[in-house]
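User: I would like to learn how to read strands, helices and salt bridges in a model. Can you take me through one?

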Amino acid sequence: MLIMHISTMTSQLKIIAICLVFFWINTTQSKTGIDVEVLLDKIFNSTIKNPVVDEYPEPIGKICGLGKECVQRTLCKADGTVKIFGEDMLNIRIDHENPCSYLETCCNVLGKLTQPPPDIVPDVQENGCGTRNSNGVFFKISGAQDGEAEFAEFPWMVAIYTLENTFKIYKCGGAVIAPNVVLTAAHCVWNQEATTLIARAGEWDTQTNEEPQLHQDVHVKEIISHEGFNPSTIANDIALLILEIPYIWAPNVQPICLPTAEKTFDHSRCIAAGWGKDKFGKGGLFQVILKKIELPIVPHDTCQANLRRTRLSRFFQLDKSFICAGGEKGKDTCKGDGGSPLVCPDPQQPDRYYQAGIVSWGVGCGEENIPGVYANVPYLRGWINEKLRARGVDFKHFTA
């Protein structure tokens, strides 16, 4: 009650004070020339802007400080100059204290650009097929763990999705060999309707769209599986996806080279990449960021001998349509990597790669002396040529 009484008295005193101010203004206006309306506007007008707010425009993105927001790194100026990708090394570990993602920087709103300046946008590569970006494009990862690939390191990589209602479900991997052609494994698309598939090129981190160059999703028009594919033995495990529209070449979307039929890669150190599980069995997890692994090519006879020591028995015969890689403890492709490319460097041009295999099958994942098995691309090159020639596809994209 006491608090209410004091509050009432305070309100009454305010009203009396305002009345006295009006009385004083009215009696002095004619003498001083005071404009009552101007004076009242200065005293009571609530629309006057705070100069701090005026200095810092309202952020439209994720706020990370006064007058600051999270933007792509190429869109932020620093000290009047543009902050260029690659100026810092990126650490893709999560920082819970920083509201910006690892692909963003906290930028003063006044220094924000609407698009990256031309001098830091890389040109579309003109080095031909199979050019690996070993240091990434736009930026380089700091402290990459567990074989994380750089952004656009393997620009031929494709993630193949199935459409289920309105959802895209990751199914397997593939490789770009021409603007409208993806090379994958037959077992990945076995009994699938072309209209249910989307081939995504240029992907890297599957959980974000903040990469400096966005991926390209294209619907599949036709599935061409090898006529000799056997779903029991997995022999001739190869398929071509003809796309409804071609990809547009970009720093993160480029074709892989295909080797000639007589090419051999025995004992070469090659690389497989994909978003497959990190280990075999129910405990394995699909990867968010594209992973890579270096593996040795195992000669056909050696591979067959090693596989005969497994549950496949001593009678097992390895079909000629297969090539093997791996056999090193803890290093292998795994479930979900099916269809992804196994690529080997050209000894004459170490940064240029040829697709030697397509991830097919294995006995477990990463077991010592048990190589993984891949479709043999050189052996199947004649079939690829036949199917693409019939559809008018120019071979220059995977040979030049």
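Analyst: Begin with pairing. Two strands count as paired if DSSP finds at least two bridges between them. Keep in mind that this is a predicted model.

User: What joins strand 9 to strand 10?

Analyst: A hairpin does, through two residues. Strand 9 covers residues 167–178, runs antiparallel to strand 10, and is joined to strand 10 by three bridges. Within this pair, Ala 175 stands opposite Leu 183.

User: Which strand do four bridges join to strand 10?

Analyst: Strand 13, residues 239–243. Strands 10 and 13 run antiparallel. Here Leu 183 stands opposite Leu 240.

User: Which way do the residues of strand 10 point, and are they buried or exposed?

Analyst: Val 181 and Leu 183 point one way, Val 182 and Thr 184 the other. All are buried. The cut-off for buried is under 20% relative accessible area.

User: Now a helix. Which residues of helix 5 are buried?

Analyst: In helix 5, residues 300–307, they are Cys 303, Gln 304, Asn 306 and Leu 307. These residues cover an arc of only 165° around the axis, so they sit on the same side of helix 5.

User: What covers the buried residues of helix 5?

Analyst: The cover includes strand 15 (291–298), strand 16 (322–326), strand 18 (349–361) and strand 19 (371–376).

User: On to backbone angles. Which value does phi of Ala 152 take?

Analyst: Phi is near 65°, a positive value in a residue other than glycine. Ala 152 lies in the loop between strand 7 (140–141) and strand 8 (157–164). Ala 152 counts as buried because its relative accessibility is 9%.

User: And where is Asn 191 found?

Analyst: In the loop between helix 4 (186–189) and strand 11 (197–201). Phi of Asn 191 is near 60°, again positive in a residue other than glycine. Asn 191 is exposed, with a relative accessible area of 68%.

User: How many salt bridges does the count come to?

Analyst: The general idea comes before the count. Side chains of opposite charge can pair when their charged atoms come close. The cut-off here is 4 Å between a side-chain nitrogen of Lys or Arg and a carboxyl oxygen of Asp or Glu. The count is twelve salt bridges. One of them joins the side chains of Arg 200 and Asp 217, at 2.6 Å from N to O. Arg 200 is in strand 11 and Asp 217 in strand 12 (residues 216–225), 17 residues apart. Arg 200 is buried at 9% relative accessibility, while Asp 217 is partly exposed at 28%.

User: Which residue forms a salt bridge with Glu 222?

Analyst: Arg 391, with the closest N and O atoms 2.8 Å apart. Glu 222 lies in strand 12 and Arg 391 in the loop between helix 6 (377–390) and helix 7 (396–399), so the pair ties together parts 169 residues apart in sequence. Glu 222 is partly exposed at 26% relative accessibility. Arg 391 is partly exposed at 36%.

User: Where do Glu 227 and Lys 387 lie?

Analyst: Their side chains meet in a salt bridge, 2.6 Å from N to O. Glu 227 lies in the loop between strand 12 and strand 13, and Lys 387 in helix 6, so parts 160 residues apart in sequence are tied together. Glu 227 is exposed at 57% relative accessibility, but Lys 387 is buried at 12%.

User: Which residues do salt bridges that share partners join into one network?

Analyst: Lys 168, Arg 200, Glu 203 and Asp 217.

Definitions and conventions
Residues are numbered from 1 along each chain as its sequence is written. This is a predicted model: local features need pLDDT of at least 70, side-chain atom pairs count only at pLDDT 80 or more; totals for chains, interfaces and linings use all residues. Side-chain values use heavy atoms; hydrogens and water are left out. Buried means under 20% relative accessible area, exposed over 50%, partly exposed in between (1.4 Å probe, protein chains only). The arc is that of the directions from the helix axis to the C-beta atoms. Contact means heavy atoms within 4.5 Å.
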